[in-house]
Amino acid sequence: MMDQANKLRQIIDNLKLKEPISEADEKVVQKNKSAKVITVTSGKGGVGKTNITINLAIALSEMGKRVTIMDADLGLGNIDVLLGVVPKYTLVDVIYNNKNIVEILSDGPKNIKFIAGGSGIEDLAKLDNYQIQKFLANISLLDKMSDVILIDTGAGLSDNVMSFVMAADEVVLVATPEPTSITDAYALIKVISKRDVNKTVRLIINRAESVNEASDITNKLSMVTKRFLEVKLQPLGFIPQDNMVIKAVKMQQPFSLSFPKSMASKQIKDISKNLLEIKNNADSGSTTGIKSFVSRFVNILNG
Ligand SMILES: Nc1ncnc2c1ncn2[C@@H]1O[C@H](COP(=O)(O)OP(=O)(O)OP(=O)(O)O)[C@@H](O)[C@H]1O
Ligand SMILES: [Mg+2]
């Protein structure tokens, strides 16, 4: 087994290899230096966030992106269960137990890296400046290692989940056709709108019985949002109700690997393409990347 110091050195060496050779290259590298942090959330629980996060990660990875998943479900983490990996350490070990970020990364399928959040993340707000700087320096390695960081949250309007949502570069909201899921989704959009009118919420309808049902719900949610709220709602796509998803969950495998030809897998590919087409909002004045994310997260937690 490669020891951790070696692993870290190798990663740093790899980074060096990719150092720019010309000034033009340098600009490109600088621009792309930070990862895009995408939080996946929902109003109501059990709507498919974890499945969507993992399978989006796989699709993005297959499109050549370096992807890291962070499990921010602080109750019962579920990424590990669905991937069948048992992480030894969590982000909490980086904060308190002197682990570095590389030591706590687990390997998922298709080169995906996985980080377990662990309960205690909210304690970030209690750290002193030195501890925060140390944590930021550590976590900023993720910006160099990943193009996309997907954060899977728990459901609902808790302060914690909202902090992950508000600090993210992009917010993906998952809802199903169930009326309770739709009303809870709207409630979440409303809270986001109150806190930051400049955010754009990207909507995925999951478990739709038909294309029509998905577009119907998307239209309705878009209409009320446009009429009553300031925030923008943008459809990202839909995933059908698909028995292959249920089957794959029972096998503890991502459906897009076990059933790549399923409807759900096809739709996930579409959604990942749409996700990559989103341009960074240069006017928003906010910087992307995990380091900026954590800074905003801590500020939000500090209220
Ligand atoms: N497209 C789909 N077709 C059929 N079943 C689905 C689909 N998406 C999700 N499911 C079912 O819903 C269950 C819950 O999915 P998942 O765990 O991804 O939801 P979640 O939003 O992460 O839940 P939680 O809020 O508890 O974290 C899955 O185990 C699966 O049985
Ligand atoms: Mg989940």
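User: Which residue in β6 is the bridge partner of T41?
Analyst: That's L173. Keep in mind that this is a predicted model.

User: And how do β1 and β6 pair, parallel or antiparallel?
Analyst: Parallel: β1 (residues 36-41) and β6 (residues 170-175) pair over four bridges.

User: What holds paired strands together in general?
Analyst: Strands of a sheet pair through backbone hydrogen bonds.

User: OK, what's the strand order in the sheet?
Analyst: It goes β3-β4-β2-β5-β1-β6-β7-β8, an open sheet of eight strands with mixed pairing. The edges are β3 (106-107) and β8 (232-240), and each of those pairs on one side only.

User: Which strands does helix α9 lie across?
Analyst: α9 (residues 179-195) lies across β6, β7 and β8, at about 160° to β6. There's also α13 (residues 263-277), which lies across β7 and β8 and runs at about 155° to β8.

User: Switching topic: which residues come nearest to ligand 1?
Analyst: G45, G48, K49, T50 and N51, out of 21 residues around the ligand. That shell has seven nonpolar, ten polar and four charged residues.

User: Last one: what's the average pLDDT of the chain?
Analyst: It averages 86, and 86% of the residues score at least 70. Over residues 12-22, though, the pLDDT is below 50, and that stretch has four contacts beyond near neighbours in sequence. Residues 24-31 also stay under 50.

Note on methods. Residues are numbered from 1 along each chain as its sequence is written. Chains are lettered from A and ligands numbered from 1 in the order in which they are written. This is a predicted model: local features need pLDDT of at least 70, side-chain atom pairs count only at pLDDT 80 or more; totals for chains, interfaces and linings use all residues. A residue is near a molecule or strand if its C-beta atom, placed from the backbone, lies within 6 Å of it. Ala, Val, Leu, Ile, Met, Phe, Trp, Tyr, Cys and Pro count as nonpolar, Asp, Glu, Lys and Arg as charged, and the others, Gly among them, as polar. pLDDT is the predictor's confidence in each residue, from 0 to 100. Two residues are in contact if their C-beta atoms, placed from the backbone, lie within 7 Å. Two strands pair if DSSP finds at least two bridges between them. Helices (H or I, at least four residues) and strands (E, at least two) are DSSP runs, numbered from the N terminus. Axes are lines fitted to C-alpha atoms, for helices over the stretch in contact, and angles run from 0 to 180 degrees between N-to-C directions.
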